[in-house]
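Visitor: I would like to learn how to read the features of a fold from a model. Please take me through them one at a time.

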Amino acid sequence: MIENTPKLFIPGPTEVDERVRLVMAQRVIGHRTSEMTDLYGGIVEKLQKFFGTKHYALVFTSSGSGVMEGTIRNLAAKHVLHGACGAFSKRWYEMSLANDKEADLVWADWGKAVKPEMIAEAMEKKKYELLAQIHNETSTGVRNPTDEIAKIAHENDTLIAIDAVSSLGGDMIKIDNYDVVIASSQKALALPPGLAVAFVSEDAMERSRNMKNKGFYFDFVRMLARYEKNKQHPSTPAVSLLYAMDMQLDLMLKEGYQGRYERHLKMQKLVHNWVKKRGFEFFAEPGYESVTVTTIKNTHGISVKELNKELIKRGMMLSNGYGSNLKEKTFRIAHMGQLTPADIMALLDSVDEILESWGVY
Ligand SMILES: Cc1ncc(COP(=O)(O)O)c(C=O)c1O
């Protein structure tokens, strides 16, 4: 056992409710049993109910990256456009290249959001099968205007997939505006790592039905076919994590989508007020700040490593910067998943105590 694990204010993995952790201790069931049919069938229904969508809900045993790669292979034979603005969205573009796609990149600079007109301009020049667009860029703390971008994609007869890996379950995302919405379990869904969710539209499923060379494990059509047969997976899923997801969805349904979103907004506001009061600055451009994670310019030049050492003594941990040269220039406070405004206040009080003792302010 690892002793003294700190409460996580990092942008994944995030805190998991104790009830959800404990449910994983149950005896494992066979993956070809009626119990599994009930379990996975229930999860799919709850996902659709919570997020208010009739899109197919597929749950893969994989982290989010697997489904990001799978989405490219299911939906594009060749031409993919990537709307990117940070480390994770750039990596998605690299995935397209690694899969031999003719991928183009619309790049908003670090800290900036991809704007609809940038996508429109790229689509005027060339026809794409798929737009792979970042929703919440976890490295820069930028939330992109994906609803408007989706309209542009659809006007250009292009499918749109969004990476909502670190926002789904915290931010308010209208699933039906997109063809694929991808999330990882270990972020705002507040589950342990190991599962990925994809909401898939009928148009995207139809595209996949006709796609060649789309791989095997992440084939949306195979996943759906097995689900439609008896609500099971084509291969052995992470059964214990599915117990956890089932219980977490019950907790989420109790809170409601709007309630969850509002709690996230409250936490975001607490962090924003603190940033301004303490003379730090936001890395994200104004108006495009993430609801689930704030990337903060390290204007006081503090050692984030030393800060974390002190915080860990108090049972908490935040995150250094990520990507390009942001590691020391920024730090990140995640306010996602099961954390509460009280948790955020406790973290900020501790940070203040430490920074005051260092004479930073
Ligand atoms: C925005 C974003 N996309 C993709 C990923 C990769 O997800 P995973 O680690 O679940 O594969 C991450 C991980 O932090 C992320 O934040």
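Guide: Start with pairing: two strands pair if DSSP finds at least two bridges between them. In this predicted model, strand E5 (residues 130-134) and strand E8 (residues 159-163) are joined by 5 bridges in the parallel sense. Within that pair, Leu 131 sits opposite Ile 160 of E8.

Visitor: In what order do the strands of the 7-strand sheet stand?

Guide: The order is E2-E10-E9-E8-E5-E3-E4, in an open sheet with mixed pairing. The edges are held by E2 and strand E4 (102-107), each with a single partner strand, so one side of each has no neighbour in the sheet. On average, neighbouring strands of this sheet are turned by 20° against each other, direction ignored.

Visitor: Which strands pair with E10 in the antiparallel sense?

Guide: Strand E2 (residues 56-61) pairs with E10 in that sense over 6 bridges, and Tyr 56 is found opposite Val 200 of E10. Strand E9 (residues 180-184) is also antiparallel to E10, over 5 bridges. There, Ser 184 has Ala 196 of E10 as its bridge partner.

Visitor: How many residues of E10 are buried?

Guide: The cut-off for buried is under 20% relative accessible area. Strand E10 (residues 195-200) is mostly covered, with 6 of its 6 residues buried. Leu 195, Val 197 and Phe 199 point one way, Ala 196, Ala 198 and Val 200 point the other way, and all are buried.

Visitor: Which strands does helix H7 lie across?

Guide: Helix H7 (residues 202-209) lies across E2, E8, E9 and E10, and it runs at about 60° to E2.

Visitor: What is the strand order in the 4-strand sheet?

Guide: That open sheet has the order E11-E12-E15-E14, and its pairing is antiparallel. Strand E11 (281-282) and E14 are its edge strands, each pairing on one side only.

Visitor: What joins E15 to E12 and to E14?

Guide: Between strand E12 (residues 293-297) and E15 there are 5 bridges, in the antiparallel sense; Ile 296 has Phe 331 of E15 as its bridge partner. Strand E14 (residues 319-320) and E15 also run antiparallel, joined by 2 bridges. On that side, Asn 320 stands opposite Phe 331 in E15.

Visitor: How many residues of E15 are buried, and what follows for the strand?

Guide: In strand E15 (residues 330-334), 5 of the 5 residues are buried, so the strand is largely enclosed by the rest of the structure. Thr 330, Arg 332 and Ala 334 are on one side, Phe 331 and Ile 333 are on the other, and both faces are covered.

Visitor: What describes two packed helices?

Guide: The angle between their axes and the distance between the axes. For helix H3 (residues 64-75) and helix H4 (residues 87-98), the angle is about 45° and the axes are 9 Å apart. H3 and H4 are therefore oblique to each other. The crossing of H3 past H4 is right-handed.

Visitor: Which residues make the contact between H3 and H4?

Guide: H3 supplies Ser 65, Met 68, Glu 69 and Ile 72, and H4 supplies Phe 88, Trp 92, Met 95 and Ser 96. By class, this contact has 5 nonpolar, 2 polar and 1 charged residues.

Visitor: At what angle do H2 and H9 pack?

Guide: Helix H2 (residues 34-51) and helix H9 (residues 239-255) pack at about 35°, with 10 Å between their axes. Their crossing is left-handed. Among the H2 residues in the contact are Met 36, Leu 39, Ile 43 and Lys 46, and those of H9 include Val 239, Leu 242, Tyr 243 and Asp 246. The contact of H2 with H9 divides into 13 nonpolar, no polar and 4 charged residues.

Visitor: Is Asn 144 buried or exposed?

Guide: Asn 144 has 4% relative accessibility, so it counts as buried. Asn 144 belongs to the loop between strand E7 (142-143) and helix H6 (146-155). Leaving aside residues up to four places away in sequence, Asn 144 touches Cys 85, Ala 113, Val 114, Gln 133, Ile 134 and His 135.

Technical notes. Residues numbered from 1 in each chain as written. Predicted model: local features only at pLDDT ≥ 70, side-chain atom pairs only at ≥ 80, totals over all residues. Heavy atoms only, no water. Axes fitted to C-alpha atoms, helices over the stretch in contact; angles between N-to-C directions. Parallel < 35°, antiparallel > 145°, perpendicular 65-115°, else oblique. Left-handed = near helix turned anticlockwise from the far one by under 90°. Contact = heavy atoms within 4.5 Å. Nonpolar A, V, L, I, M, F, W, Y, C, P; charged D, E, K, R; others polar. Buried < 20%, exposed > 50% of the residue type's maximum accessible area, 1.4 Å probe, protein only.
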